[in-house]
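Reader: I would like to learn how to read a structure like this one, feature by feature. Please show me where to start.

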Amino acid sequence: MQKNFSYPLIVDEITAAEKKYNLTATPDELVELAEILKVPSVKSFSAEIYTKLNKKAHMLNVWGSVSAELELQSVISLENFFKCYSPEFELVYDTKATLKSQREEEAELGDDLPDVIIGGQIDLGQIAIEQLALVMEDYPRKEGEVFHWESEFDEEDDKAQNPFKILEKLKK
């Protein structure tokens, strides 16, 4: 878990009125974010996050967008390049749910379960990082790069050395 880019909110202090939070990473935080995201560098990182609590339904809605420019390394050419991301997200937290109660509800609700609040707080910095990580490519490559694979071996030699072909010849 990150030390610097952390914006914890205590759920009991969140109001029913919609509230906006603007997060922007400092140069020191950008270095830490590069380590967390496992990229060469993070040029910019910001988030605009909204919260709204529905006390009657025990639901906390968190939504917004993240904007980041990352330096990535292409898995094809191994060259570094910059790419911008701006994912939007929407999360729902159940303020009364526990991990135990959620396991019981999982059977009946399936994938539509709201998230659980642990320790009475949520971390907007952690949410922003997770949302960016969800849209990042596992194997980044520069725009237009295509992987072309060429075998070192001759196809005719491969067919001739196929053990089943050799056994087939022995049968005759």
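This is a predicted model: local features need pLDDT of at least 70, side-chain atom pairs count only at pLDDT 80 or more; totals for chains, interfaces and linings use all residues.

Author: Residues are numbered from 1 along each chain as its sequence is written, and side-chain values use heavy atoms, with hydrogens and water left out.

Reader: How many helices and strands does the chain have?

Author: Helices (H or I, at least four residues) and strands (E, at least two) are DSSP runs, numbered from the N terminus. Here there are five helices and eight strands, in the order β-β-α-β-β-β-β-α-β-β-α-α-α. Contact means heavy atoms within 4.5 Å. Of the contacts between residues at least 6 apart in sequence, 63% join residues at least 24 apart.

Reader: Which residues of helix H1 are buried?

Author: Buried means under 20% relative accessible area, exposed over 50%, and partly exposed in between (1.4 Å probe, protein chains only). Buried residues make up 33% of the 172 residues in the chain. In H1, residues 27-37, they are Glu29, Leu30, Glu32, Leu33, Ala34 and Leu37. These pack against strands S2 (19-24), S3 (41-54) and S4 (59-73), and against H3. Isoleucine 36 also belongs to H1, but counts as partly exposed because its relative accessibility is 34%. Its C-alpha atom is 8.6 Å from that of isoleucine 129, 93 residues away along the chain. After H1 comes lysine 38, with a positive phi near 60°.

Reader: What span should H3 have, and what caps its N-terminal end?

Author: Aspartate 123 caps H3, with a side-chain oxygen 2.9 Å from the backbone nitrogen of glycine 125. A polar atom of the aspartate 123 side chain also lies 2.8 Å from the backbone nitrogen of tyrosine 7. Aspartate 123 is in strand S8 and counts as buried because its relative accessibility is 12%.

Reader: Is leucine 60 buried or exposed?

Author: Leucine 60, in strand S4, is buried, with a relative accessible area of 0%. Beyond residues up to four places away in sequence, leucine 60 touches several others, including Val11, Leu53, Tyr93 and Ile122. The C-alpha atoms of leucine 60 and valine 92 are 5.7 Å apart.

Reader: Which residues are closest to the centre of the largest pocket?

Author: On a 1 Å grid over the protein atoms alone, a pocket is an open set of points where a 1.4 Å probe fits, with protein on both sides within 12 Å along at least five of seven lines; lining residues have an atom within 4 Å of a point. Grid points are joined across faces, edges and corners, and a volume is the space filled by probe spheres set on the points. The largest pocket holds about 270 Å³. Of its 14 lining residues, Tyr93, Val116, Gln121, Ile122 and Asp123 are closest to the centre.

Definitions and conventions
A polar contact is a pair of N or O atoms within 3.5 Å; within protein, one must be able to donate a hydrogen and the other to accept it, and residues adjacent in sequence count only if both atoms are side-chain atoms.
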